[in-house]
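Subject: Structure for you to look at, with notes

Dear colleague,

I am passing on the structure that I mentioned, and I would be glad if you could read the notes below with the model open beside them.

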Amino acid sequence: MSKKRFVIKRILQIIPMLFIASILAFGLSHASRGEVANSVIRSRGMQPTPETIEAVREELGLDKPVHIQYFSWLKDAVRLDFGNSFLTDEPVMEEIAQRFPNTLLLAVVTTAFSIIFGIFFAILSVKYKGRPPDHIIRVVSTAGASIPDFVLAFLFLFIFAINLKFFPVISGSLPQNVILPALTLSIPLSAIYTRLIRNDLIDIMDSDYIKTARAKGLSENQAMIRHGLKNAVLPSVTLIGSNLGFLLAGSFTIESIFSWNGIGKFVFDSVKAKDLPVIQAFIIIVSATFILLNLIIDIIYIYLDPKIKLT
Amino acid sequence: MFRKQVLTDKNIEDMKNNALDSRSSFLKRTIHNLKSNKPALIGGMVLLALIVIGFAAPLLAPHDPLEVETSNRLLSPSLQYPLGTDHMGRCILSRLMYATRTSLITALIILAGNLAIGIPLGLIAGYVGGKIDNLIMRVADIALTFPSSLILLAVIGIFGTNVIYMILVLTFLWWAPYARILRSLVIKLKEQDFVMAAEAAGRSKTYIAFKHIGLCSISPVIVLATLKISSIIMHVASYSFIGIGTQAPNADWGVMLSESREFIFTRPILIAWPAIVIVIVVLCLNIFGEGLKDALLPNTRMNANSSYKGD
């Protein structure tokens with residue numbers, strides 16, 4: 001398949017995904033229409049009686065057939081208008097936009113940590129292949145991938161914040177306090193990257209072009225880092241990108257445990273309070289980000305890796 | 001989309017021969033191979049013990065896990081309460097046993113659902129090919145990339161909180177890896193001599209599918225399922241922790257963690273117990289799964305960590 005056809009196919013593929021996401025979010029807004037009418041009435045200082053509810057429902061178009069409601073909802077959604085939060089009565093979009101930079105910071109720092117750790121330990125492991133450092137790294141990376149991040153979060157909170165007092169228990173979302181939650185999120189990821197990169201690097205170190213590099217007088221380290229590493233990291237690029245997508249969606253558990261005021265914690269709190277407009281906006285925005293990010297990564301990847309077989 | 005092609009012709013021959021030459025001793029040989037792998041053996045035994053404890057919880061547990069006794073709040077370990085009591089005076093040991101039971105049963109239901117959907121769809125996609133294959137694999141792509149947490153949030157927002165929704169969402173999202181592996185096996189097998197011979201000998205497609213493909217797919221499916229179940233367990237625990245999975249007061253690791261959260265300063269041990277059990281279970285599953293992979297599929301690369309295991 002040519003690259004161009006692949007790109008077109010891949011772009012067409014996101015349409016059903018965006019449609020599913022929009023149906024889910026519309027389903028939520030449909031489920032919450034009673035409360036929306038009530039809150040509109042109250043915000044106008046009126047009493048919700050059957051007559052006023054009927055009037056407002058008509059005004060908001062909630063009495064029309066479902067598919068017409070879907071399209072008018074879609075029109076608002078495209079303009080990022082998701083109504084007001086039940087709790088704060090502020091526009092949902094503003095609330096999310098306010099918190100997104102925190103999630104972005106956490107996602108970027110986590111990704112940076114996990115790539116650095118992953119590459120570092122993979123190189124170390126391959127350099128000492130079959131010797132103690134390699135064994136230790138393999139055991140630790142198996143263990144690292146086996147600890148759920150929220151368990152790790154409690155452990156770090158207990159050790160570094162409560163006992164050693166390196167960090168405050170309540171992060172207050174200050175940039176300098178990003179280290180603890182980022183470390184928590186990056187450990188399972190680094191463990192996975194270490195294992196993937198290590199396996200690829202071992203295969204590559206046996207290949208002819210590395211032998212050539214050695215033959216022309218490069219040391220083992222130079223051959224590995226200058227020639228081997230790039231190709232060993234390449235297969236992990238899609239995984240790193242897709243994990244960045246998950247991180248940008250905000251981690252409910254980690255943000256909540258460290259009181260990191262990102263969109264993950266916001267949604268966690270909104271689920272508890274049954275604040276449906278927030279959940280609705282979150283689903284649309286996060287799935288759109290996630291789907292587009294994956295699309296971009298896949299497209300970049302086929303241009304990065306000349307050996308790729310397109311399916 | 002760009003996953004490494006893990007199945008070579010040689011692997012398939014191996015699997016076929018492995019399964020055929022000693023069908024009766026398949027289990028015996030697997031156990032023999034595992035025996036030489038100490039960590040996997042220990043992991044498997046610990047796992048077995050925990051499974052027994054979980055399923056026999058009603059017989060073994062010293063107390064009713066839901067029995068609230070406010071006069072016994074936060075007791076230290078004693079003969080009557082071997083691990084002490086929690087903030088509502090419930091026996092921690094009994095709760096842990098029942099939590100193990102709940103989590104294992106939930107995870108097994110989800111896994112069974114994934115297999116029941118993924119295996120037939122993979123077989124059909126591989127065998128029939130063409131448009132149907134294309135459709136099934138596109139749906140699989142969507143199911144693989146969509147974050148389960150988003151769909152679960154929407155479903156719960158619309159229908160209310162119930163553990164059933166978590167089971168359904170994960171069942172209908174995570175069948176794709178099995179479909180993929182079955183499909184690629186079938187496509188490879190169709191070209192193999194023994195399948196063509198069987199076809200030439202007039203065997204029906206159903207017979208071939210069940211006998212030959214069944215034999216070859218046992219090992220990869222078992223290995224993949226073992227590696228995947230740890231990720232199911234972690235997700236279930238984290239969903240229960242945020243309150244969109246198993247609901248309090250039912251005993252579940254995630255529920256126990258979220259109930260103990262506020263005691264991190266005063267009684268950190270309350271958090272430690274469920275955390276320790278989750279880590280042991282997931283670690284043993286991963287070590288055992290890796291061992292099983294080495295025993296059953298010595299020359300194949302398979303990675304259960306192809307997607308992020310956070311939220």
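This is a predicted model: local features need pLDDT of at least 70, side-chain atom pairs count only at pLDDT 80 or more; totals for chains, interfaces and linings use all residues.

Residues are numbered from 1 along each chain as its sequence is written, chains are lettered from A and ligands numbered from 1 in the order in which they are written, and side-chain values use heavy atoms, with hydrogens and water left out.

Chain A is divided into domain 1 (3-78) and domain 2 (107-261), with bounds that come from an automatic or database domain assignment, and the C-alpha centres of these two domains lie 41 Å apart.

Turning to the interface, 65 residues of chain A are in contact with 46 residues of chain B, where contact means heavy atoms within 4.5 Å. The area buried between the two chains is about 4800 Å², and carbon and sulfur atoms give 74% of it; buried area is the accessible area (1.4 Å probe) that two parts lose on being put together, summed over both. Phe150(A), Phe154(A) and Phe252(A) supply 13% of the area that chain A buries against chain B, which is more than any other three residues.

On the side of chain A that touches chain B, the largest share, 12 residues, comes from helix 1 of chain A; helices here are DSSP runs (H or I, at least four residues), numbered from the N terminus.

A search of the whole structure finds 13 salt bridges over all chains, and one of them joins the side chains of Asp134(A) and Arg198(A) at 3.1 Å, N to O. Because Asp134(A) lies in helix 6 of chain A and Arg198(A) in helix 8 of chain A, this pair ties together parts that are 64 residues apart in sequence. Both Asp134(A) and Arg198(A) are buried, a word that means under 20% relative accessible area, whereas exposed means over 50% and partly exposed lies in between (1.4 Å probe, protein chains only).

In chain B, Arg183(B) forms a salt bridge with Asp133(B), the closest N and O atoms being 2.6 Å apart. The pair links distant parts of the chain, with Arg183(B) in helix 9 (residues 176-190) and Asp133(B) in helix 6 (residues 130-145), 50 residues apart. Arg183(B) is partly exposed, at 24% relative accessible area, whereas Asp133(B) is buried, at 10%.

Finally, is Phe172(B) buried or exposed? Phe172(B) is exposed, with a relative accessible area of 53%, and this residue, found in helix 8 (residues 163-173) of chain B, touches Ile117(B) and Ala143(B), not counting residues up to four places away in sequence. Cys216(B), which lies in helix 11 (residues 205-242) of chain B, counts as buried, at 0% relative accessibility.

With best wishes

Terms used. Helices (H or I, at least four residues) and strands (E, at least two) are DSSP runs, numbered from the N terminus. A salt bridge is a side-chain nitrogen of Lys or Arg within 4 Å of a carboxyl oxygen of Asp or Glu.
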